[in-house]
Amino acid sequence: MAALGSYLVARSAGGLWYLRMEDLDLPRVVPGIADDMLATLENLGFEWDGEVVYQSRRTDYYREAAEELIRRGLAYACGCTRSEIAQIASAPHEEGLVYPGLCRDGLAEGKVERALRVKVYDEVVSFDDGVMGRYSQHLTGSCGDFVIHRADGPYAYHLAVVVDDAAAGVNQVVRGADLLASTPRQIYLQRVFNYPTPAYYHLPLVTGPNGAKLSKRDNAVSLSAGRDLGQDGSALLVSALRFLGQAPPLSLKDATPSEVLAWGVANLDISAIPRTPAPFPEEETATG
Ligand SMILES: [Zn+2]
């Protein structure tokens, strides 16, 4: 869904459309999934600009950014375990535990570095999302000093996307609403690095048939999952357009996927995109 939404927003604004594989979480990335996704997108008529960017090959840039934060005194080593934080943190927030800043003044004796955290200050970060409207978050109250790198893991999504967006000159970000609540942290990092903040559009998530929340992976592959149901590419894109609140004519199902996309670009109405999650629409024999 994010692929379709971002394609429509970028192309309708006359912009370029880049593909980025967010494959930093290597142990959980299934081999071959990137190639499958690219093949699916190609079958559906998507054409992207430039080369596909793989975050797993850009670790050096994330390390540089993290080192800059350390040099500037904005990031510090944290030796807390999850259960230690849980004992002290105030009530868990939607984004997990609020880190109480225990290691801000240095690691306590006997502690080893488990994560690198960036300092946040007592301020509210607000932005106007192109779909969801005004969104505000008080960083110290909702997450506290947040992790940008784990000693035994990859660089955090927040740091990686901020570095990548700036490097590629991205000025529009279209993605699933599961990332809405993490956007203020990314905007905060953009300000710290003096990077421009792109325009954000967060799309409603696809739910299961009974409104059940799908896993991140289910959402990520929802387009190709739809194809497994036997729908052909054009019908699938028409359904996806309807999910995004657009009103494609039924006859478009007989067009090629590229023609469906062209209709979507020419007729995109961002204000019609719904804000609430919903199941993926069944094929219909008539449109309303
Ligand atoms: Zn700590």
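1. Arginine 63 has a relative accessibility of 35% and therefore counts as partly exposed; buried denotes under 20% relative accessible area, exposed over 50%, and partly exposed the range in between (1.4 Å probe, protein chains only). Its salt-bridge partner is aspartate 60, with an N to O distance of 3.0 Å; a salt bridge requires a side-chain nitrogen of Lys or Arg within 4 Å of a carboxyl oxygen of Asp or Glu. Aspartate 60 is exposed, at 52% relative accessible area. Both residues belong to helix α3 (residues 59–71), three residues apart, about one turn of the helix. Helices (H or I, at least four residues) and strands (E, at least two) are DSSP runs, numbered from the N terminus.

2. The model is predicted: local features need pLDDT of at least 70 and side-chain atom pairs count only at pLDDT 80 or more, whereas totals for chains, interfaces and linings use all residues. Residues are numbered from 1 along each chain as its sequence is written, and side-chain values use heavy atoms, with hydrogens and water left out.

3. The whole structure contains 10 salt bridges. Arginine 20 pairs with glutamate 22 at 3.3 Å, N to O, and also with aspartate 164, where the closest N and O atoms are 4.0 Å apart. The latter pair links distant parts of the chain, from strand β1 (residues 20–21) to helix α6 (residues 157–168), 144 residues apart. Aspartate 164 is buried at 3%, while arginine 20 is partly exposed at 26% and glutamate 22 is partly exposed at 40%.

4. Which residues donate to the zinc ion? The protein donors are Cys78 (SG), Cys80 (SG), Tyr99 (OH) and Cys103 (SG), at 2.0 to 2.3 Å; donors are N, O and S atoms within 2.8 Å of the metal (3.2 Å for Na, K and Ca). The sequence spacing of the donor residues is C-x1-C-x18-Y-x3-C. Cysteine 80 is buried at 7% relative accessibility, as is tyrosine 99 at 5%.

5. The largest nonpolar core has 68 residues; Leu4, Phe46, Leu69, Phe146, Ile148, Leu159 and Leu189 touch the most other members. Such a core is a set of buried Ala, Val, Leu, Ile, Met, Phe, Trp, Tyr and Cys residues joined through side-chain atoms within 4.5 Å. Apart from it lies another core of six residues, including Tyr76, Cys80, Tyr99 and Cys103.
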